[in-house]
Amino acid sequence: MASIYHGRGAAIGIGEETSTNWGTAVARTVWRPLISSSLLRTIEKVPRPTLKTGAAGAMRRSHYVQADNAGGTFQIEASYRSMGMLCKHLMGAVATSGTNPYTHVYTFADDVPEGLTIENVRGTGTAEVFEGCRLSQGVFAVAAGGLMTFEGTVIAQTSGGRVSAGTITYSGTDAPILHSQAGQFTFNSATYDLIDMSLTVNNALATRQHLGSSTTAKPLRSDFQSVELSITVEVEDDLMTAFIADTESDAHITFTDGTRSFRVDLQNAYLSAASDPVSDANVVRQTLTLVGQSDGTNEGLKMTVINGDSTGIGN
């Protein structure tokens, strides 16, 4: 009888690979419950180009493996805890200071860290362990009435196929980032109440196919890194004026839960898009996109997390 299992209990476990073991699975030290996951190994199989057919008919005779790819996306709740390893591998670097509570500052680096091992626990059924994982993109999003989510886009070297799930060990501190914990958004020395926001970091990583293997070499940047912040507010003419004037300014917003906090600093930001159509009698809303830039010292984005984790990448 075919195996039947359910999505409930789905989770991901994450372990940090080092410069000497990229593409070699390591123990998973951070666990997060999943909202969704499309992580998958995809083997591209194509017909051989020969015109050879069978003794009768017009069918091709054979095929071969063109590429053995792995990766996809996963979505989890963003939290004040258990997010540090993902933040480090999305941004590039982390610096930790202070004593409990600790301050962790995540900043951009020339390259993302070596890689991650990600175990994708498929609910009540089996798991799949992906090795040599690098975060090509990450999106933090929250809207009024909801909690913040994180969606990661992964390029992996490969996976070993379906296996029995490992032991899931969640953090004892479950601290989701809620919409009600947001402070005001600041841009160009003015403050605004947001309706929603979405922060997208694009690392522009791409697979690298070489002779001698059907799997990718370590994914590297194929273009410039970028960061964008999309927001919605009740219409503010000052923001449209700033868009037209090509105003450049730092922008920031902080979420706070007691002694814990999560702050986003978009550096040297400019407004790349602004729209506030009128379509009914309701309050007019304005959607805007801000783009961070480097000035040679500040690289466009800084994320600061304050929590009880002494390492910056712990569970």
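## Phe140 and the nonpolar core

In this predicted model, Phe140 is in contact (heavy atoms within 4.5 Å) with Ala78, Met83, Cys87, Leu90, Met148, Thr149, Phe150, Met197, Ser198, Leu199, Phe262 and Met303, leaving aside its neighbours within four places in sequence. Phe140 also belongs to the largest nonpolar core, which has 58 residues. Within that core, Phe74, Phe140, Phe262 and Leu301 touch the most other members. A nonpolar core is a set of buried Ala, Val, Leu, Ile, Met, Phe, Trp, Tyr and Cys residues joined through side-chain atoms within 4.5 Å. Buried means under 20% relative accessible area, exposed means over 50%, and partly exposed is in between, with a 1.4 Å probe and protein chains only.

## Basis of the model

Residues are numbered from 1 along each chain as its sequence is written, and side-chain values use heavy atoms, with hydrogens and water left out. Because the model is predicted, local features need pLDDT of at least 70 and side-chain atom pairs count only at pLDDT 80 or more, while totals for chains, interfaces and linings use all residues.

## The chain as a whole

The chain contains two helices and 20 strands. These are DSSP runs numbered from the N terminus: helices are H or I with at least four residues, and strands are E with at least two. The C-alpha atoms fill a box of roughly 75 × 45 × 45 Å along the principal axes. Of the 315 residues, 43% count as buried. Among contacts between residues at least 6 apart in sequence, 71% join residues at least 24 apart.

## Helix 1

Helix 1 (84–91) is largely enclosed by the rest of the structure, because eight of its eight residues are buried. The buried residues are Gly84, Met85, Leu86, Cys87, Lys88, His89, Leu90 and Met91. Just after helix 1, Gly92 takes a positive phi of about 130 degrees.

Strand 6 (residues 102–108) pairs with strand 5 (residues 92–97) in the antiparallel sense over six bridges; two strands pair if DSSP finds at least two bridges between them. In this pairing Thr96 stands opposite His104 of strand 6. The hairpin of strands 5 and 6 has four residues between the strands, and Gly98 takes a positive phi near 85 degrees there. Pro101 lies in the loop between these two strands, and the peptide bond from Asn100 to Pro101 is cis, with omega near 5 degrees.

Strand 6 also pairs with strand 20 (301–307), again antiparallel and over six bridges. Here the bridge partner of Tyr106 is Met303.

## Cavities

The structure holds two cavities of 30 Å³ or more. On a 1 Å grid over the protein atoms alone, a cavity is a set of points where a 1.4 Å probe fits but cannot get out, and lining residues have an atom within 4 Å of a point. Grid points are joined across faces, edges and corners, and a volume is the space filled by probe spheres set on the points.

The largest cavity has a volume of about 60 Å³. Its lining consists of Tyr80, Arg81, Ser82, Met83, Gly84, Cys87, Tyr106, Val305, Asn307, Asp309, Gly312 and Gly314. By type, the lining divides into five nonpolar, five polar and two charged residues. Ala, Val, Leu, Ile, Met, Phe, Trp, Tyr, Cys and Pro count as nonpolar, Asp, Glu, Lys and Arg as charged, and the others, Gly among them, as polar. The second largest cavity holds about 30 Å³ of space and is lined by Ala78, Ser79, Met83, Cys87, Phe140, Ile177, Phe262 and Val305. This lining has seven nonpolar residues, one polar and no charged.

## Backbone exceptions and an exposed Phe

Most residues other than glycine have a negative phi, and most peptide bonds are trans. Ser189 has a positive phi near 70 degrees and sits in the loop between strand 11 (185–187) and strand 12 (190–192). Ser189 counts as exposed, at 78% relative accessibility. Asn268, in strand 18 (residues 260–275), has a positive phi near 55 degrees but counts as buried, at 11% relative accessibility.

Phe224 lies in the loop between strand 15 (217–221) and strand 16 (226–234). Phe224 is exposed, with a relative accessible area of 74%.

Note on methods
1 Å grid on protein atoms, 1.4 Å probe; cavity = no way out; pocket = protein on both sides within 12 Å on 5 of 7 lines; lining within 4 Å.
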